[in-house]
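Here are a few notes to read with the model open beside you. Take the points one at a time and find each residue as you go.

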Amino acid sequence: MANKGIFITLEGGEGVGKTTQAQRIESYFTKMNKKVILLREPGGTKTGEKVREIIRETKEPIAPITELLLFSAARKEHIEKIITPHLHKNYIVICDRFIDSTVAYQHYGRKIPIRIVKEITQLATDGLQPDISILLEMKFQDAIKRKKEELDYLEKTAMQFHEDVLKGYNTIIKKEPKRWIKVDANLPKDLITTIIINKLEEMIKKIQ
Ligand SMILES: Nc1ncnc2c1ncn2[C@@H]1O[C@H](COP(=O)(O)OP(=O)(O)OP(=O)(O)O)[C@@H](O)[C@H]1O
Ligand SMILES: [Mg+2]
């Protein structure tokens, strides 16, 4: 059965405002009386939330391949149990991070060969791709100043890593520009929301 809903993902580095904007997009569609669900990765299922705890609360560094497999395991559960069923029910599914995070962090950041990242990702997603992805673009040094909680191990990794991740996102966008909305995450929250909503409406019209 073909997916009928719309699958929107939010991407970008740490603390750039993904969750803030994901919630605002959800409220916008709710007010428009659309069926909408907001999800996050890793997470979304009991298994996924446990994986999230392992990744976020571990005090020791995790091997890049372990990280790739953990994120992918959570994603497989998320897609099968929540994302695909909601798309089939015609929902707008908003996901705070998805496969582009894996390519940006695990390939461009951690340098796992793209062949391996793609193969594992394919295994987890069975080819499911977002219809629209939003990149909130901001330098790590600026984003980190916004965060109130203690930094986790991913956030403490070297500056070069975060620069590689952002460059990675931009390389992904160049290969597939039509799928993306890229916004300067330094702008005020309300302006970012307006830019995203206007562009989303325009892109959704083209999809439907
Ligand atoms: N455009 C903005 N201008 C100023 N502050 C912002 C903006 N967007 C978000 N913030 C603030 O920055 C902090 C991080 O935002 P948020 O949690 O939405 O980012 P995130 O990308 O989801 O972070 P994480 O990577 O930790 O999940 C919050 O305190 C939020 O209120
Ligand atoms: Mg967040």
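This is a predicted model: local features need pLDDT of at least 70, side-chain atom pairs count only at pLDDT 80 or more; totals for chains, interfaces and linings use all residues.

1. Is Gly44 buried or exposed? Count the C-beta neighbours inside 10 Å and you get 23; the cut-off for buried is 20 or more, so Gly44 counts as buried. You'll find Gly44 in the loop between strand E2 (36–40) and helix H2 (46–57).

2. Now look at who sits around Gly44. Leaving out residues up to four places away in sequence, Gly44 touches Leu39, His78 and Ile82. Glu77 is 33 residues away from Gly44 in sequence, yet the two C-alpha atoms are 8.5 Å apart in space.

3. Next, helix H5, residues 114–125.

4. Which residues of H5 are buried? They are Val117, Ile120, Thr121 and Ala124. Look down the axis of H5 and these buried residues fall within an arc of 100 degrees, so they line one face of the helix. Their cover includes helix H3 (64–88) and helix H4 (99–109). Just after H5 comes Asp126, with a positive phi of about 55 degrees.

5. Strand E4 (residues 132–137) is worth a look too. Five of its six residues are buried, so E4 is largely enclosed by the rest of the structure. E4 pairs with strand E1 (residues 6–12) in the parallel sense, over five bridges, and here Glu11 has Leu135 of E4 as its bridge partner. E4 is also joined to strand E5 (residues 180–184) by five bridges, and these two run parallel. There, Glu137 stands opposite Asp184 in E5.

6. Finally, ligand 1. How many residues are around it? There are 14, and those that come nearest are Gly17, Lys18, Thr19, Thr20 and Arg146. Helix H1 (18–31) and helix H9 (189–207) are the elements that give two or more residues to this shell; H1 has the largest share, with three residues. Sorted by type, the shell holds four nonpolar, four polar and six charged residues.

How values were computed. Residues are numbered from 1 along each chain as its sequence is written. Chains are lettered from A and ligands numbered from 1 in the order in which they are written. A residue is buried if 20 or more other C-beta atoms lie within 10 Å of its own, exposed if 12 or fewer, and partly exposed in between; C-beta atoms are placed from the backbone. Helices (H or I, at least four residues) and strands (E, at least two) are DSSP runs, numbered from the N terminus. The arc is that of the directions from the helix axis to the C-beta atoms. Two residues are in contact if their C-beta atoms, placed from the backbone, lie within 7 Å. Two strands pair if DSSP finds at least two bridges between them. A residue is near a molecule or strand if its C-beta atom, placed from the backbone, lies within 6 Å of it. Ala, Val, Leu, Ile, Met, Phe, Trp, Tyr, Cys and Pro count as nonpolar, Asp, Glu, Lys and Arg as charged, and the others, Gly among them, as polar.
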